[in-house]
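Work through the exercises below with the sequence and the 3D view side by side. Try each task before reading its solution.

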Amino acid sequence: MVESVGRVFLAVDLTSEARQALSRRVMEMAGHRRLPGRPTPPRNWHMTLWFLGDVARDRFEVMSHHLSETPLGDVFRCRFGELGSFPRARRASVLWVGVSRGSRSLSSLAAGTREAVASAGIPLSERPFSPHLTLSRIRPPQDVRALLDSAPSAGVDMTVREVTVFRSHLGGGPPRYEALERFPLG
């Protein structure tokens, strides 16, 4: 039997300052009303680079080694901007805040980490990377056009200094994310 480390994903975690500022701004952007659907608690906010799923321990160790050896790029700034939705505003199942500055750097970071993950033999989704932070999951889908049209830009800046490998723990309420490893940027 292959030992697993659990459900794993690579992400850019928010700094505590950005998390607090963005939490205040999201409430303002929503007109001080509750977000539609099932909001993600601010303590769980992050920008996912890659969801890896259930990863075997040996593959995880190879991936960690590759990530520690891979030049992930320089520290950079990003800015959270407009609200958006997947798949579309008329029938949204996910509400998110996008990145208005630093999206190219985030995309480069995702590409660099992709190579390290793939070289460990861990399969990845072919879905293109889209820099965003999930605010709420909406089931059943809802029309969020009025919210998107009226919300100002978040305008919250953050310095990205590292990539974090998280393990997610499900069940008994919102998921809980445990940081397993952190890989600093140049």
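**Exercise 1: Histidine 132**

Histidine 132 sits in strand S6 (strands are DSSP E runs of at least two residues, numbered from the N terminus). This is a predicted model, where local features need pLDDT of at least 70, side-chain atom pairs count only at pLDDT 80 or more, and totals for chains, interfaces and linings use all residues. Residues are numbered from 1 along each chain as its sequence is written, and side-chain values use heavy atoms, leaving out hydrogens and water.

Task: decide whether histidine 132 is buried or exposed, then find its partners.

Step 1. Its relative accessibility is 19%. Buried means under 20% relative accessible area, exposed over 50%, partly exposed in between, with a 1.4 Å probe and protein chains only. Histidine 132 therefore counts as buried.

Step 2. The side chain of histidine 132 comes to 2.6 Å from the backbone oxygen of serine 130.

Step 3. List the contacts (heavy atoms within 4.5 Å). Beyond residues up to four places away in sequence, histidine 132 touches His46, Met47, Phe86, Trp96, Val97, Gly98 and Val99.

**Exercise 2: Serine 136**

Step 4. Residues up to four places away aside, the contacts of serine 136 include Leu35, Gly37, Ser93 and Leu95.

**Exercise 3: Tryptophan 45**

Task: find where tryptophan 45 lies and what is in contact with it.

Step 1. Tryptophan 45 belongs to the loop between S2 and S3.

Step 2. With a relative accessible area of 4%, tryptophan 45 is buried.

Step 3. A polar atom of its side chain is 3.1 Å from the backbone oxygen of threonine 40.

Step 4. Tryptophan 45 and threonine 134 are 89 residues apart along the chain, yet their C-alpha atoms are separated by 7.1 Å.

Step 5. Leaving aside neighbours within four places in sequence, tryptophan 45 is in contact with residues including Asp13, Leu22, Val26 and Thr134.

**Exercise 4: Leucine 52**

Task: which residues are in contact with leucine 52?

Solution. Look past its neighbours within four places in sequence. Leucine 52 then contacts Val8, Phe9, Leu10, Met63, Val117, Ile122 and Leu124.

Definitions and conventions: Helices (H or I, at least four residues) and strands (E, at least two) are DSSP runs, numbered from the N terminus. A polar contact is a pair of N or O atoms within 3.5 Å; within protein, one must be able to donate a hydrogen and the other to accept it, and residues adjacent in sequence count only if both atoms are side-chain atoms.
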